[in-house]
Amino acid sequence: VQLQASGGGLVQAGGSLTLSCKASGIIASINDMAWYRQAPGKQREPVAGLTGGGSEHYVDSVKGRFTISRDNAKNTVYLKMNSLKPEDTAVYFCHTNIWGNDYWGQGTLVTVSS
């Protein structure tokens, strides 16, 4: 199983970015997929999740601003981030858990300037 995350960068507050997580070795459409983030000096936290059944879940701080989705044909999960704030600055990781095993992408850095 491999998860390849991309799409991070530097953006001004109020701007938007879309992160991508290309999955291989699994079928992303039937597995629960999630995005986590880890800010400097803080623990990694869940940001958004998408179940195999299509249910979406978000941490309160990003509700209404972030949207998780997937493209089954591309076996890719996305995180569309709007109205970005400086406190969204973090390394973002995609994640899945299969049969009790955690799989992580390599992380992509998002920096939001004020």
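How many helices and strands does the protein chain have?

## Overall make-up

The protein chain has zero helices and 11 strands. The model is a predicted one.

Along the principal axes, the C-alpha atoms fill a box of roughly 40 × 25 × 25 Å. Contacts can also be sorted by distance along the sequence. Among contacts with a separation of 6 or more, 51% join residues 24 or more positions apart.

## Surface and charge

Of the 114 residues in the protein chain, 41% are buried. The accessible surface of the chain comes to about 6,000 Å². Carbon and sulfur atoms account for 49% of that surface.

The chain carries 10 positive and 8 negative side chains. The centres of these two sets lie 5 Å apart.

## The hairpin of β9 and β10

Strand β9 covers residues 90–98, and strand β10 covers residues 101–104. The two strands pair in the antiparallel sense, over four bridges. Two residues sit between the strands of this hairpin. Trp-99 takes a positive phi there, near 50°.

In a regular strand, side chains alternate between the two faces of the sheet.

## Asn-97 in strand β9

Which residue of β10 is the bridge partner of Asn-97? The partner is Asp-102. Asn-97 itself lies in strand β9. Leaving aside residues up to four places away in sequence, Asn-97 touches Asp-32 and Asp-102.

Is Asn-97 buried, partly exposed or exposed? Its relative accessibility is 36%. Buried means under 20% and exposed means over 50%, with partly exposed in between. Asn-97 therefore counts as partly exposed. Leu-79 is 18 residues from Asn-97 along the chain, and the C-alpha atoms of the two are separated by 18 Å.

## Gly-54 in a loop

Where is Gly-54 placed? Gly-54 belongs to the loop between β5 (45–50) and β6 (56–58). Because its relative accessibility is 38%, Gly-54 counts as partly exposed.

Gly-54 and Val-11 are 43 residues apart in sequence. In space, they are 29 Å apart, C-alpha to C-alpha.

Note on methods:
Residues numbered from 1 in each chain as written. Predicted model: local features only at pLDDT ≥ 70, side-chain atom pairs only at ≥ 80, totals over all residues. Heavy atoms only, no water. Buried < 20%, exposed > 50% of the residue type's maximum accessible area, 1.4 Å probe, protein only. Contact = heavy atoms within 4.5 Å. Areas by Shrake-Rupley, 256 points an atom, 1.4 Å probe, with all protein chains shown as cover. Lys, Arg positive; Asp, Glu negative; His and termini not counted. Charge placed at Lys NZ, Arg CZ, Asp CG, Glu CD. Pairing = 2+ DSSP bridges.
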